[in-house]
Amino acid sequence: MRTAKTYLVEPLIGTIRIVSIPAENRLGVIRSLIECDLIDMVRIDERHAIVVDDSGLSETLPCVAELEGYASPLAGNLLITGTDDNGETIDVETEIDEIAARLTIVRPVLHPVFETLSGPLIFGSRLAAMEVRIERNSPKVVSENSN
């Protein structure tokens, strides 16, 4: 049975890794990896596409991914596939490092702000506020041998 080499991007944990998709029940496996039922395709170039959750941007998001040259953010897990002339899923031709360099994971990071408490019977600090910063990183390439 023929499998297709694809790349799975998991923005929540900030990684990209190789995943083999079997020919049998290909759509079911893809839906399971993306963790959704309704999928859509975003073209990267004439030979590659990203499979995304079609309604991912309408949900509460802990983070998103951005693709260089593509205006809209992408939500949820992403599956990068190769595509043939008929639009069928085939092996990805581009190296994983090159794909990772074209993606940016965007996530909010909370930074606590403390105030000092001092008085006759009290000394210490308490949380006064939380500042939100935006962190931007390329996904980390995870090899098959990584734990």
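Some ground rules come first. Residues are numbered from 1 along each chain as its sequence is written, and side-chain values use heavy atoms, with hydrogens and water left out. Since the model is predicted, local features need pLDDT of at least 70 and side-chain atom pairs count only at pLDDT 80 or more, while totals for chains, interfaces and linings use all residues.

Inside the protein, the place to start is the largest nonpolar core, which has 17 residues. A nonpolar core here is a set of buried Ala, Val, Leu, Ile, Met, Phe, Trp, Tyr and Cys residues joined through side-chain atoms within 4.5 Å. Buried means under 20% relative accessible area, exposed means over 50%, and partly exposed is in between (1.4 Å probe, protein chains only). Tyr7, Ile16, Ile50, Leu67, Leu74, Leu78 and Ile80 have the most contacts inside this core. Two or more residues each come from β1 (3–10), β3 (39–45), β4 (48–53), β5 (64–67), β6 (78–83) and α2 (96–101). These labels follow DSSP runs numbered from the N terminus: helices are H or I, at least four residues, and strands are E, at least two. Helix α2 gives the most to the core, with three residues.

Tyrosine 7 has quite a list of neighbours. Leaving out residues up to four places away in sequence, Tyrosine 7 touches Ile16, Arg17, Ile18, Leu78, Leu79, Ile80, Val92, Thr94, Glu95, Ile96 and Ile99; contact means heavy atoms within 4.5 Å. Another core, of nine residues, lies apart from the largest one, and its members include Leu8, Val19, Ile21 and Ile34. In soluble globular proteins, nonpolar side chains tend to be buried together.

Leu110, Phe114, Leu127, Met130, Val132 and Ile134 make a nonpolar surface patch of about 630 Å². Patches are built from residues with over 30% relative accessible area and no salt bridge, joining like charges within 9 Å and nonpolar side chains (Val, Leu, Ile, Met, Phe, Trp, Tyr) within 5 Å. A salt bridge is a side-chain nitrogen of Lys or Arg within 4 Å of a carboxyl oxygen of Asp or Glu, and accessible areas come from the Shrake-Rupley method with a 1.4 Å probe, where for residues only the protein chains shown count as cover. Strands β8 (103–118) and β9 (123–137) each supply at least two residues of the patch, with the largest share, four residues, coming from β9. Methionine 130 is found in β9 and is partly exposed, at 42% relative accessible area.

As for the cysteines, the structure holds zero disulfides, a disulfide being a pair of cysteine sulfur atoms within 2.5 Å. The sulfur of cysteine 36 is 15 Å from the closest cysteine sulfur, in cysteine 63, so the two are too far apart for a bond. Cysteine 36 is buried, at 12% relative accessible area, and cysteine 63 is buried too, at 7%.

Between β2 (15–22) and α1 (26–34) lies glutamate 24, exposed at 56%. Asparagine 25 is in the loop between β2 and α1 and is exposed at 54%; its phi is positive, about 55 degrees, although it is not a glycine. Glutamate 35, in the loop between α1 and β3, also has a positive phi, near 65 degrees, and counts as exposed at 62%. Most residues other than glycine have a negative phi. Finally, glycine 69, in the loop between β5 and β6, is exposed at 89%.
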